[in-house]
Amino acid sequence: MIFNNPILSDQTSLNFSEDFRKLMTFQKLPSKHLLHCEGAVCDHFYILHKGLARAYYYKDNKDITAHFPIENTTITAIDSFIQRKKSRYNIELLEDTSLSYIQYEDWKKLLEDKPHYEKYARIFLENIYIDIAERIEDLLFHSAKERYEKLLYKFPNLQQRVKLGHIASYIGITQEILSRIRAEK
């Protein structure tokens, strides 16, 4: 999460965290709630305090999971949030969730009013870039079994919280192939 980064432990970062939190709105939302729908510009950046979500898109009439944000992590349709363009992603809550969000205009104004906070925005974006680069590398260079094992290592109890079809689409295989991989263990 953006506030728990050891790089951000000086007084300026404490001020940033406080200013950022002042702009956030807290909500509790039910499972199956859509935080964001494809075809719309994403105006919110979310921090999940408790719960689980998934970002997904449709390809060839199939629902493909792109990301599983869990508690104490962030989620947004980042390309839409930054570029102010319509998103191809949906963000759905998979569990009852408590979260906070900041609106794009408030985020933008905070960075305009206090340009020395740009450093924290850069660190946040670097972390997103690293996650995306690792995801691409996994899909290009690792087998389905390796991707599944990495997912379970990263999120040990995910398979108890998420439909197997979502896990299969996340690692780029069918549910039948996932069943075979799980049977091998």
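This is a predicted model: local features need pLDDT of at least 70, side-chain atom pairs count only at pLDDT 80 or more; totals for chains, interfaces and linings use all residues.
The protein chain holds eight helices and eight strands.

**Overall build**
- With 185 residues, a compact globule would come out near 16 Å in radius of gyration, and the protein chain has 17 Å, so the two agree.
- The C-alpha trace of the protein chain covers about 55 × 35 × 30 Å along its principal axes.
- Take the contacts between residues at least 6 apart in sequence: 71% of them link residues at least 24 apart.

- Four strands line up as an open sheet, in the order 1-8-3-6, with antiparallel pairing.
- At the edges sit strand 1 (25–29) and strand 6 (73–75), each of which pairs on one side only.
- From one strand to the next, the twist averages 30°.
- As a bit of background, strands of a sheet pair through backbone hydrogen bonds, and they can do so either parallel or antiparallel.

**Inside the sheet: strands 3 and 8**
- Strand 3 (residues 44–50) and strand 8 (residues 97–103) run antiparallel and are joined by six bridges.
- To find your way around this pair, look for tyrosine 46, which stands opposite tyrosine 101 in strand 8.

How values were computed: Residues are numbered from 1 along each chain as its sequence is written. Side-chain values use heavy atoms; hydrogens and water are left out. Two strands pair if DSSP finds at least two bridges between them. Helices (H or I, at least four residues) and strands (E, at least two) are DSSP runs, numbered from the N terminus. Axes are lines fitted to C-alpha atoms, for helices over the stretch in contact, and angles run from 0 to 180 degrees between N-to-C directions. The radius of gyration is taken over C-alpha atoms; the globule rule is 2.2 Å times the number of residues to the power 0.38. Contact means heavy atoms within 4.5 Å.
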